[in-house]
Structures are given as C-alpha cells and as structure tokens.
Amino acid sequence: MTQATRKDRDIALLRRAFDIARQSKEAGDHPFGSLLAGPNGEILMEQGNGYTAEGQDMTAHAERLLATRASKRWRPDFLAGCTLYTSAEPCAMCSGAIYWSGIGRVVFGQTEKALKDQTGDHAENPTLDLPCRIVFSAGQRPVDVVGPLLEDEAAALQDGFWSES
C-alpha cells in the first residue's frame, strides 16, 4: 500500500470514528468514538463512549471498551496488525488498555492537551494531559501512533457539550 493510499484510508476511517462520536452524543453520552480496523482496513468493531450507558462508569471510554472487547476476541499477534481509530487521543488509561490488548497502531483526531483546553475542569472529564506516545514509549513493544489528524473536525465534536452537561 502506498503512503498516500494509507493516509486516505486513515482519514476515511477517522471520519467514521467521528460519526460514532456524534452518535454517542446523540444518544446522550460523551462525544467520543473509536473503531478497530483489521490489517486490510476492514472495520472489525465500533465503540462509542459508555459513561452513561455503563451506569456513569468513569472508565467507560470508547478506546478502553473497544480494547477490552478486542482482547477478548483476538490474540495479540493478530491485534498487532490492527489499527484503532479514535476521535480524541487516548488518555493514559486507554493507552494502557490498547498496549495490553496488543493493538499495534493508533490514529487519533484531537490531542489530549487540546481536549483539556476545550473541556476545562469538568467533573465528568478530568482530562490528563499525558500524550499517548509517552505511555506507549514506556512499554516493551512498539505502538505506532499517527495524529493529531483533522483536528478542527475532531474539536467540533466537543463544541457545546461540556458546558451543557
């Protein structure tokens, strides 16, 4: 696959993760979405944020839920060839779950720092400004990270949500 083709696929699948985030918001949950794509780019799983759906579970981030589901279904050797696409950079907790599941690549929209700046000090989103690359670099196996991509589109998913809830 050429680099241009991979970038086109990354953008298309990241926009699908944005659609999942919008659906999560429309369903009354936090506006975050993720998907897992297989080695050939096929969508294997989709996951919106689960804070409300999981009974106000502060750990029910889309990325963590997806990594848990994926690790129950596939072995790390398969997941190493998969990519997790997510609307916002995985937090430290989610990065740990991604690492432990064996997922080998992450593509994200908005950075944790930009999310923290945008959402402020909200009780339901006490954002950690700890880049996922730092979390992954402490591990014993590589996780390829691409992002931020489409930052303005990703940030627009959060517009108005944190001041209303």
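Biologist: How close do the axes of helix α2 and helix α4 come, and at what angle do they cross?

Modeller: The axes of α2 (residues 62–73) and α4 (residues 92–101) come within 8 Å and cross at roughly 15 degrees. Axes are lines fitted to C-alpha atoms, for helices over the stretch in contact; angles run from 0 to 180 degrees between N-to-C directions. This is a predicted model, numbered from 1 along each chain as its sequence is written. Local features need pLDDT of at least 70, side-chain atom pairs 80 or more, totals for chains, interfaces and linings use all residues, and side-chain values use heavy atoms without hydrogens or water.

Biologist: Why is α2 called roughly parallel to α4?

Modeller: The crossing angle is roughly 15 degrees. Under 35 degrees counts as roughly parallel (over 145 roughly antiparallel, 65 to 115 roughly perpendicular, the rest oblique). Therefore α2 is roughly parallel to α4.

Biologist: Which residues meet there?

Modeller: From α2 come E63, R64, A67 and S71; from α4 come M93, C94, A97, I98 and S101. Contact means heavy atoms within 4.5 Å.

Biologist: What makes D10 count as buried or exposed?

Modeller: The relative accessible area of D10 is 4%. Buried means under 20%, exposed over 50%, partly exposed in between (1.4 Å probe, protein chains only). So D10 is buried. D10 lies in helix α1, residues 3–26. Leaving aside neighbours within four places in sequence, D10 is in contact with Y85, R105 and V107.

Biologist: What do the buried residues of α1 pack against?

Modeller: They pack against β1 (33–37), β2 (43–48), β3 (83–88), β4 (105–110) and α7 (151–156). Among the buried residues of α1 are L13, L14, F18 and I20. Helices (H or I, at least four residues) and strands (E, at least two) are DSSP runs, numbered from the N terminus.

Biologist: How does the reach of α1 compare with the expected value?

Modeller: α1 has 24 residues and reaches 35 Å from first C-alpha to last, close to the expected 34 Å. The expected span is 1.5 Å times one less than the number of residues.

Biologist: What makes Q56 and L150 stand out in phi?

Modeller: Most residues other than glycine have a negative phi. Q56 is not a glycine, yet its phi is positive, about 60 degrees. L150 is not a glycine either, and its phi is about 50 degrees, also positive.

Biologist: Why is L150 called partly exposed?

Modeller: The relative accessibility of L150 is 22%, so L150 counts as partly exposed. Q56, at 55%, is exposed.

Biologist: Where is the cis peptide bond?

Modeller: The cis bond joins G147 and P148, with omega about 5 degrees. P148 is in the loop between β5 (144–146) and α7.
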